[in-house]
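Open the model in your viewer and keep the selection tool at hand. The stops below say what to select and what is there.

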Amino acid sequence: MAGTAVRGRLTWQVATVDAVMDETGSVRTIVLNVPDWAGHTAGQHLDVRLTAEDGYTAERSYSIASAPGEPVTVTVERLEDGEVSPYLTEELRVGDQIELRGPIGGYFVWTGADAATPLLLVAGGSGVVPFRSMLRHRRNLGSKAPFRLLYSARSLPDVIYRTELDEADDGVAVVYTLTRQQPPGWTGHTGRVGAELLAETAWPAGQDGLAYVCGPTPFVETVAAGLVGLGYPAHRVKTERYGGAGGK
Amino acid sequence: MTALDESVLDGNAIGGMLFEVFGSEMTAAVATCATCGASMQMAETVVYLRAPGTVVRCRSCAAVLMVVVRRHTQNCVDLQGIAALEP
């Protein structure tokens with residue numbers, strides 16, 4: 001069972017649900033009270049563990065949606081065949097307790113220390129979650145780092161954090177592409193992220209931008225290859241893939 | 001694209017398990033493939049969670065780098081595919 005978290009170690013601990021908010025028809029944000037949280041960096045994860053009455057356990061990793069210093073928050077997309085996400089998105093109520101451990105990850109992170117490097121964030125679906133943490137961290141720091149977010153969603157109602165993203169700060173550009181359905185009069189981009197849209201959105205290779213790409217595996221492969229094709233060195237393209245098995 | 005493609009993840013997804021095995025944050029650690037010699041951060045490896053156990057493969061040559069099988073509270077770890085691992 002979870003005990004007191006020791007700094008520098010990764011221990012399971014009990015968190016209490018403080019709030020739940022529906023983001024879209026299948027996506028829910030959960031705010032947690034984690035008494036022994038050691039603090040996180042934008043882009044990090046946490047693992048959630050559910051235990052059935054018969055002792056069977058299922059673990060999934062979720063990106064943290066809140067900025068460092070804010071209450072620990074995850075945003076979970078319901079996967080129809082999922083073991084964990086249907087519970088988190090449909091059953092979990094305020095006051096319920098869940099087991100988690102974290103923060104986890106030192107690769108797909110943005111500390112905010114480097115304000116000179118322009119960032120390109122490319123999200124497919126719920127791949128936008130770690131970018132919300134980075135965008136909020138940028139705001140909280142008062143950072144002037146130039147950010148561009150290219151966000152691919154199926155339709156406008158599938159856009160997670162839309163209100164927040166539409167109030168982007170100075171120096172942050174948010175570009176949507178809607179792949180399946182567009183509202184009447186939509187003048188933005190349509191279709192999947194391809195070479196043309198990347199060329200239009202990405203920082204020119206000469207500006208030494210840093211790219212973060214998060215989404216389903218095929219999306220990440222296409223975008224990462226596209227950025228390398230535009231002249232981004234492979235090590236300047238950080239990738240994070242998710243799918244039905246890994247959850248997000 | 002098939003559904004199978006989306007069950008292929010990367011090393012970000014196993015950060016917690018790697019922490020459990022090695023006792024520290026490992027997704028940014030650099031692994032050298034014993035088969036082809038390529039170096040990559042653990043987050044950049046190819047990860048299959050649906051195999052019996054967790055299978056970690058080289059992004060350059062697809063050779064198996066690491067297999068972790070959990071049995072009750074113990075992790076059985078095979079690291080033969082990794083020539084070097086630097087935090």
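## Where the two chains meet

Begin with chain B and chain A, which have 4 salt bridges between them; a salt bridge is a side-chain nitrogen of Lys or Arg within 4 Å of a carboxyl oxygen of Asp or Glu. This is a predicted model, in which local features need pLDDT of at least 70 and side-chain atom pairs count only at pLDDT 80 or more, while totals for chains, interfaces and linings use all residues. Residues are numbered from 1 along each chain as its sequence is written, chains are lettered from A and ligands numbered from 1 in the order in which they are written, and side-chain values use heavy atoms, with hydrogens and water left out.

Select Glu59(A) and Arg70(B): they form a salt bridge, with the closest N and O atoms 2.8 Å apart.

Now show the whole interface. Chain B brings 23 residues to the contact and chain A brings 26, where contact means heavy atoms within 4.5 Å. About 1,900 Å² is buried between the chains, 53% of it on carbon and sulfur atoms; buried area is the accessible area (1.4 Å probe) that two parts lose on being put together, summed over both.

## Arg101(A)

Next, select Arg101(A), in strand 6 (residues 97-104) of chain A. Strands (E, at least two residues) and helices (H or I, at least four) are DSSP runs, numbered from the N terminus. Is Arg101(A) buried or exposed? Arg101(A) is buried, as its relative accessible area is 3%; buried means under 20%, exposed over 50%, and partly exposed in between (1.4 Å probe, protein chains only).

## The cores

Finally, go to the largest nonpolar core, which has 32 residues. A nonpolar core is a set of buried Ala, Val, Leu, Ile, Met, Phe, Trp, Tyr and Cys residues joined through side-chain atoms within 4.5 Å. Among the elements giving it two or more residues are helix 2 (129-141) and strand 11 (210-216) of chain A. Another core, of 20 residues, lies apart from it and includes Trp37(A) and Leu88(A).
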